[in-house]
Amino acid sequence: MADTTRLAIDVGGTFTDVVRLTPDTGELRFEKVPTTPEEPTRGVMNAFDRADADPRDVVMFNHGTTLGLNALLTRTGARIAVVGTRGFRDVYLLGRTDRRTNYDITYRKPKGLLERYDTFEVAERSRFDGTVHLPLDTDDAARVARSLAERGYDAVAVAFLHAYANPAHELEMKRIINEIAPDVEVTLSHELSREYREYERTSTAVLDAYIKPIVRRYLQQLEQELADEDFDGRFLVTRSGGGAMTASSAREQPVNLILSGPAGGVIGAAAFAHRLGQPNLITIDMGGTSLDASLVVDGEPVRYQGAEFEEMPINTPSLYIHTIGAGGGSIGWLDDAGALQVGPQSAGAMPGPASYGRGGTAPTFTDAALELGYLGGDTPLGGTLQLDGDLAADALAPIAAALDLSVPALARGMVQISVTKIMGAVRAITVELGRDPKDFALLAFGGGGGLVAVDVARELQIPTVVVPPGQGAFSALGMLMADVQHDFARTSVTPLEGVELQVLEQAFDDMETDAVAVLGEEGFGPDHRDLIRTVDVRYAGQEHSVTVGYPATGLDPVAVIEEEFAELHERQYGHTMQDPVELTTLRVRAVGIVDKPELPKMASRADDGPASLGTRAVYVDADNPAVPYALYARESLLAGDTVEGPAVVTEHTATTVLHIGDSLRVGDYGELVIAVSSTPLHSTEETTS
């Protein structure tokens, strides 16, 4: 094996995906291993073994993990405290007073990550412009630090008023805590967000502190295990904002990893969009536990400032990803009214769907897909996991009997419910934002994406479905495309008209100086970095802003910003106004450019066409209980090959289904490009009765 091997590993809820790229030959290898939640690093090292990747030969290792997200979902993070300015002790617990579910009388605000007993206040006060109103009381700070040590906290978030403008008091507080309570991890709000809005900045710091001990231990252990295997390459971790960060940076700011798992696929989709000549893509990534939907517009993933987890804001840049509980392990069940539901509960990695034969008895989407004939026992998942059709049928039978349906009819209903939920996720990122799904192609990946993509596209009138190479591990492949990224921001609420451009330039220069220093420490010289300036703009009196690019030297910044802001505001909100425009935040995205892998082009066929492996009987509806679908192995398809539906295309890590009227063509990189028929697949009467 050449010593230029690159490896990407994406740890999901059920499977851990791995992609090995050998740039010298262009060889791509896709593999899957079971996720090991009880010992996370073991699954990663197993992935190295499955891909035959010797750590000594790997020059770049890209990693995506859901460890921090899972700790939040299961509330198994650190025992934490928060320290604020005296008089502002309750900023985190009070949050915002808006209520998004106005008509749900059963609504309850999600439980916070700490209680009021865990909140502390220190005498200090800075003004919005950074001047000091009340110096930090070091005796009071020491008192709080002693309380943190005595109560045995694992971590603490320090979020002082207006620390974004003057971080000196937060830095001094950290010094005092480290001196008196050295075992307590410390997160400072200004190191994560140099922006106004106290609650959002405090929430970000609290989330970071909550997952920091567990993520830090994990990364340190993984680094040690890799070092024991003589790994000497670059170790990067995918971040929520669509780039990557070094493992050392990730240990210090793990809040940037909370949504890192889904980000890899979107990064890969953006890179793939350029190769396909399809600049506008809707992406759906269906894994074992959830489905992530996102957008690529004009070849770039859609980003936004300020993600959110269970109504807790994360004030860092993130990709626009909409997640729902619809995966291969999603469980079918009957609600109190006796209606069929699918998810969000999942069978997870262990025991998994009933057809896995690991002791699971609950019927899942995977079991339903197997019963329909989409999946088959003749094609093992991940190359090793043989599905058991009898176990799937046994799991489905009780609910089928309760609904007076045949087992295949129940399976059809479960798949249709999942498709409907996925359509809702796609509408949420398109129709609800003023975009028409018909203007996009649908890029489907993940272990289950190819099973539902054509159905979703048909219902939403999306004309084209694209299934990329290695779809089951495409998120991991996308990680190989990720540049290192750091984000810098400064709050500056200033009227645009009459703004002092020299002040803006100085602020940008200061951030870029910091950015160059950080990238330099990580080994990115002048030829391997890019600094991108943007500004957040709004109408005076508005709460929400729009991010626009800051024009290059030689242009009139005010005129360019006004014009672009009006265009974006019209697109996002459907109108413009005559009100004055103001800047709120200046931003710099610092990019450390890594060498992108060249995906190999696929050979074309000299003979008549691909050979079918036979047929697979697929249940369409009661009138068509065993329709013969032609069966193809994706590994045998070559560029230019065509397949007419109905057909099932199996591969090492996933399966793609196309129906009657659909037509598939294999592209230059091995992608499956499916022209979707507008003909309905079946009547819905049976599954809705």
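Predicted model: local features only at pLDDT ≥ 70, side-chain atom pairs only at ≥ 80, totals over all residues.
**Reading cavities and a helix pair**

Visitor: What volume does the largest cavity have, and which residues are the closest to its centre?

Guide: The largest cavity has a volume of about 100 Å³. Its lining is made by 14 residues, and of these Gly84, Phe88, Val91, Ala159 and Thr202 are the closest to the centre.

Visitor: Which elements supply at least two residues of that lining, and which one gives the most?

Guide: At least two lining residues come from each of β5 (80–85), α3 (91–94) and α7 (198–228), and β5 gives the most, with 4 residues.

Visitor: How do the lining residues of the largest cavity divide into nonpolar, polar and charged?

Guide: The lining of the largest cavity holds 9 nonpolar, 3 polar and 2 charged residues.

Visitor: Let us turn to helices. What describes two packed helices?

Guide: In general, two packed helices are described by the angle between their axes and by the distance between those axes. Here, the axes of α2 (residues 67–74) and α7 come within 9 Å and cross at roughly 130 degrees; α2 and α7 are therefore oblique to each other, and their crossing is right-handed.

Visitor: Which residues of α2 and α7 meet, and of which class are they?

Guide: On the α2 side, Leu67, Gly68, Ala71 and Leu72 take part, and they meet Leu207, Tyr210, Ile211, Ile214, Val215 and Tyr218 in α7. By class, this contact of α2 with α7 has 9 nonpolar residues, 1 polar residue and no charged residues.

Key
Residues numbered from 1 in each chain as written. Heavy atoms only, no water. 1 Å grid on protein atoms, 1.4 Å probe; cavity = no way out; pocket = protein on both sides within 12 Å on 5 of 7 lines; lining within 4 Å. Points joined across faces, edges and corners; volume = space filled by probe spheres on them. Nonpolar A, V, L, I, M, F, W, Y, C, P; charged D, E, K, R; others polar. Axes fitted to C-alpha atoms, helices over the stretch in contact; angles between N-to-C directions. Parallel < 35°, antiparallel > 145°, perpendicular 65-115°, else oblique. Left-handed = near helix turned anticlockwise from the far one by under 90°. Contact = heavy atoms within 4.5 Å.
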